[in-house]
Amino acid sequence: MGSSEIFVVVMITAVVMVLAAIIIGWLLAPKSKNAQKGEPYECGIPTRGTSWLQFRPGYYLFALLFLMFDVETVLLFPWATITKTLGPNGILAILFFLLILVLGLAYAWKKGALEWK
Amino acid sequence: MLEVGGILSWIHEALSSSCPEWLTLLIEYVLIGVGFLALYALIALILILLERKVCAYYQCRLGPMRAGFWGLLQPFADMIKILMKEIIPLLKNDKFLFFTALFLVIIGSLCTFGALQFSKDLIGIDFNVGVFYVLAISSLGVLGILLAGWSSNNKYTMIGAMRAGAQLVSYELSSGLSLLTIVILGGTMQLSGLIEAQSETWFLFQSPFTWIAMIIYLIAGHAETNRGPFDLPEAESELTAGYHIEYSGITFGLFYVGEYVNMFTIAGIGTMVFLGGWQPFHINAEWAAGFNGVMDMIPTWLWFFAKAFGLVMLSLWVRWSFPRLRIDQLLHLEWKILMPISLLNMLLMALWVAYF
């Protein structure tokens, strides 16, 4: 039995588990309707306006930085598996790639993108 | 004798001798699913009791004592209680995304859990790009958390989800880079291959840089489970409960269970890549042959669970010892301290591997 098949089985198991839990909960639990109960929870006072609004850009900056470094990690993995066989030459080759990335991080650092303001 | 491999192959043979091929496969698939589900639920129950007891002892309390002997039935009581609670029908949320988030969180959690290797022959998902798979599938949880916060249409959940998103994606980098360091040392991405490479000595004792990688991995992994000093996505004194406020009854219970099992999964992956997974502790010397023989007699699944629960206890210790960080401190720790160190550590490890 291959890993892919087990993976599919596990994924289906997860879906079935959530569905079963929700159905069992729905069957067992009491149900009552109340206009106040469906409101968003907020310390007893009604919410003003919608919560789907524009948000602080600070989070967006970090998401962008994350994207850069995550793709970097993805690109480094194939190299990492054969570092042993490549030897010193492989490190020289990857050093250039890393240098560009570190420059990117240094630039973001100097620009103050890593500060939370 | 104490290994599970014998039982598994016995089931396989008994099935294939008495059923047609397609039925054998079907029954085996169902058995795998039920097995994973049972293990998942069992570990969640153990962890819930452990957390409550350990937390109580750190605070000089006794913890749950009434349900069963020494409170041992407490998690079952919790489970029944949470199943009997109403799933409140909300009026203003996005219903489709609200429930999709739940599925994403549990799929991410269970599929990462499936990649653990509990013993020598109890191996679930073992791709040849195993480390990659673990990193990829575990980030489904982030999506689920972001969706949960957004679809609830509540300001607390929104702030909680945004904080969780920033925190989880940031700390994923460090944990990814420390796993990368181990891939450089092990020379393969397959998790069983990595464990195989530790049959003589664990990775922890193969290179000094593994220690740095392990410490960074443990910090980042701890942050990824939203616990302890890094629990600001669900800081109860600021956001009441963060991204899952609007989830009630069993829908909240699933978030809770997912989070607990994630803690175990992080510890389990840490065990597999740093502490040798199910490999017994060996001393590589002539005089230690007897000692190694005794270590080999302990079943491999016991080794795995002992190491993994050791790391879980470490995580509980950290959780109950440190005050919560602020978001600027959190991002400072990741981007200006852990990230440069792990990049440098990776490079040093590559040099070590190339020259030694």
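In this predicted model, B:Asn153 sits in the loop that runs between helix H6 (140-151) and helix H7 (155-186) of chain B. Leaving aside residues up to four places away in sequence, B:Asn153 touches A:Pro40, A:Thr50, A:Ser51 and A:Trp52 on one chain, plus B:Lys92 and B:Asn93 on its own.

B:Lys95 belongs to helix H4 of chain B, and with a relative accessibility of 42% it counts as partly exposed. Its side chain makes a polar contact of 3.3 Å with the side chain of B:Asn93, and B:Asn93 is also one of the residues that B:Asn153 touches. B:Lys95 and B:Ser152 are 57 residues apart in sequence, yet their C-alpha atoms are 8.5 Å apart in space.

Now for the interface as a whole. Chain A puts 67 residues into the contact and chain B puts in 81 residues. Together the two chains bury about 6,800 Å², and 79% of that is on carbon and sulfur atoms. On the chain A side, A:Met17, A:Trp52 and A:Phe77 account for 11% of the area buried against chain B, more than any other three residues. A:Trp52 has already turned up here, as one of the residues touching B:Asn153.

As for secondary structure, the elements of chain A that give two or more residues to the side touching chain B are helix H1 (3-28), helix H2 (57-81), helix H3 (83-86) and helix H4 (88-111). H1(A) gives the most, with 20 residues. Sorted by type, the residues on that side of chain A split into 44 nonpolar, 13 polar and 10 charged.

H1 of chain A shows up again around helix H3 (residues 74-83) of chain B. The buried residues of that chain B helix are B:Gln74, B:Pro75, B:Ile82 and B:Leu83. Their cover includes H1 of chain A, along with H2 and H11 of chain B.

Aromatic rings come next. Over all chains, a search of the whole structure turns up 29 aromatic pairs. In one of them, B:Phe98 and B:Tyr247 have ring centres 4.1 Å apart and planes at 5 degrees; planes under 30 degrees apart count as stacked, so this pair is stacked. B:Phe98 lies in helix H4 (residues 95-113) of chain B, and B:Tyr247 in the loop between helix H10 (236-239) and helix H11 (250-274) of chain B, so the pair ties together parts that are 149 residues apart in sequence. Both B:Phe98 and B:Tyr247 are buried. Elsewhere in chain B, a single aromatic cluster is formed by B:Tyr40, B:Phe113, B:Phe118, B:Phe264, B:Phe304, B:Phe305 and B:Phe309.

Side chains of opposite charge can pair when their charged atoms come close. The structure holds 4 salt bridges over all chains. One of them joins B:Arg319 to B:Glu51, with the closest N and O atoms 3.1 Å apart. This pair links distant parts of the chain, with B:Arg319 in helix H13 (residues 300-319) and B:Glu51 in helix H2 (residues 21-58) of chain B, 268 residues apart. B:Glu51 is buried at a relative accessible area of 4%, whereas B:Arg319, at 24% relative accessibility, counts as partly exposed.

Another salt bridge brings the side chains of B:Arg324 and B:Asp231 together at 2.9 Å, N to O. Here too distant parts of the chain are linked: B:Arg324 is in the loop between H13 and helix H14 (327-355), B:Asp231 in the loop between helix H9 (208-224) and H10 of chain B, and the two are 93 residues apart. B:Asp328 is partly exposed, at a relative accessible area of 24%.

Note on methods:
Residues are numbered from 1 along each chain as its sequence is written. Chains are lettered from A and ligands numbered from 1 in the order in which they are written. This is a predicted model: local features need pLDDT of at least 70, side-chain atom pairs count only at pLDDT 80 or more; totals for chains, interfaces and linings use all residues. Side-chain values use heavy atoms; hydrogens and water are left out. Contact means heavy atoms within 4.5 Å. Buried area is the accessible area (1.4 Å probe) that two parts lose on being put together, summed over both. Helices (H or I, at least four residues) and strands (E, at least two) are DSSP runs, numbered from the N terminus. Ala, Val, Leu, Ile, Met, Phe, Trp, Tyr, Cys and Pro count as nonpolar, Asp, Glu, Lys and Arg as charged, and the others, Gly among them, as polar. Rings of Phe, Tyr and Trp (its six-membered ring) pair if their centres lie within 6.5 Å; planes under 30 degrees apart count as stacked, over 60 as edge-to-face and the rest as tilted. Buried means under 20% relative accessible area, exposed over 50%, partly exposed in between (1.4 Å probe, protein chains only). A polar contact is a pair of N or O atoms within 3.5 Å; within protein, one must be able to donate a hydrogen and the other to accept it, and residues adjacent in sequence count only if both atoms are side-chain atoms.
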